[in-house]
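Student: I am new to this structure. Could you help me see how its descriptions are reached?

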Amino acid sequence: MAYLRARLVALRYLLATAWPIVLITTIGLVVAYQFVAPEPPDRLILTTGNESGAYHAYAQRYARLLAAKGIRLDIRTSPGSLENLRRVVSGEADVGFAQAGSSAPAAEESAPTRLRSLGSVSYEPVWVFYRGERTIDKLYQLSGLRVAVGEEGSGIRGLALQLLEANDIKPDDPHLLPLAGLNAAEALQQSQIDAAFIVAAQEAPVVQVLLRSPGVRVLSFSQVEAYLRRFPFLSRIVLPRGVVDLVRDVPPADTVLLATTANVVVRDDLHPALAALLLQAMTEVNGQGGFFQRAGEFPSAKDQTLPLADEAKRYYQSGPPFLQRYLPFWLAVLAERLVVMILPLLMLLLPLLKFAPTLYSWRVRSKIFRCYGDLKFLENDLRQHFDANRFQEYVHRLDCIEEDASTRHVPLAFTDQLYILREHINLVRGKLFSLSPGESELAPSHDKEK
């Protein structure tokens, strides 16, 4: 029973010592929670191009990969890059595809959040198909011809107008027609137009149709290096001779093309975990080798039109987040959120726990030190102001101190301190009786023996 009582006493002192540490830790936990990213949403909206385009095909593959991680990807078609950028800026979509060079700076500056790029996912060759016997290898030679430059709001139109304006063909030229895709291909085949800008992968149906159309030729850019200097977001690619059709030798010579890139654009408030997940999907879908690209060339930070998101910078330098490599997505996100809270708490708890034994010992000893304080005051009183008439008062004070020491509950590890205190009380008691020899018969028997 006595042992149990001693254990309860130790527990009481332990709790008394622990509550400041618990309080400080709780405050630290509340502060750390302010820096924890919220849980990522389970749904993203991705705006693409038309249903027959490469953007839409990429999006469908992304959706399957994200669904396996518990994230639903809603795909919405659009006329093109400019509309995609507008939707991302306005919040109508979380993610969008955009051609390099087709950002809308005015919309971006007026938006409450800034646009960021997760990187480029593929080359988009700039095909200029034309009809006629005359060889065209410079864009200014299109002046006065009927040219399809893409629909309003499309990335194709924005890029085509930039390139033509650099060749002194004004955007308001009446010969520039808002035709795109298969409509432009059909018009070119029927000689309703003289040339058409097409920005699409080599595998796209519209490109395959025009490459095999009799009388339709592809412009080979003879001034390609000049374009690369003036438009840094463009790249040089080559369509090798005979690659389309070896038997018919199509094309009949190496054809130099300009290429923009397809970029994945987000707002800067996209959850970091979702950005990392999208980057992994981009790597799996777009990281393979292709007609114009080497394996592993994409995704990458090829286009500098928009700032690269911080998550993308880290991804391209060191790959996926460490936890997402080995844990299911939801568990990795939970662990990442907890780490943000736990690391500061550990930094706070280590010194507190190191200090805890000292604090515990101080709390226990402080109870004993109070008795020592009373004993010291009594001893000083005896030494400096002893009055024989107050003898009984001195004895009573000593008895009270001894009673306090005898009834004071401390953990077993500190009971030796109580016995030492009682010895010191008896030492002062002996001094008291030595100062009053006439009262020696009142002294305790052990004092008389001394």
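Tutor: Gladly, and let us start with a definition: buried means under 20% relative accessible area, exposed over 50%, and partly exposed in between, with a 1.4 Å probe and protein chains only. Helices (H or I, at least four residues) and strands (E, at least two) are DSSP runs, numbered from the N terminus. This is a predicted model, in which local features need pLDDT of at least 70 and side-chain atom pairs count only at pLDDT 80 or more, while totals for chains, interfaces and linings use all residues. Residues are numbered from 1 along each chain as its sequence is written, and side-chain values use heavy atoms, with hydrogens and water left out.

Student: Which strands does β10 pair with, and how do you know?

Tutor: Two strands pair if DSSP finds at least two bridges between them. Strand β3 (residues 95-99) has five bridges to β10 and runs antiparallel to it; there, Val95 stands opposite Val266. Strand β4 (residues 115-131) is joined to β10 by ten bridges, also antiparallel, with Leu115 opposite Arg267. Five antiparallel bridges link β9 (residues 235-239) to β10, where Arg236 has Leu258 as its bridge partner.

Student: Why is Ser81 called buried?

Tutor: Ser81 has 2% relative accessibility, so Ser81 counts as buried. Ser81 lies in helix α3, which spans residues 81-90.

Student: What does the side chain of Ser81 reach?

Tutor: The side chain of Ser81 reaches the backbone nitrogen of Gln99 at 2.9 Å.

Student: How many helices and strands does the protein have, and how much of the protein is buried?

Tutor: The protein has 15 helices and ten strands, and 46% of its 450 residues count as buried.

Student: How do you know where to be careful with the prediction?

Tutor: Look at pLDDT, the predictor's confidence in each residue, from 0 to 100. The mean for the protein is 83, and 87% of its residues reach 70 or more. Over residues 105-112, however, pLDDT is below 50, and this stretch has six contacts (heavy atoms within 4.5 Å) beyond near neighbours in sequence. Residues 445-450 also stay under 50, with six contacts beyond four places in sequence. Where pLDDT is low, the predicted coordinates should not be read in detail.

Notes. Polar contact = N/O pair within 3.5 Å; in protein donor to acceptor, adjacent residues only side chain to side chain.
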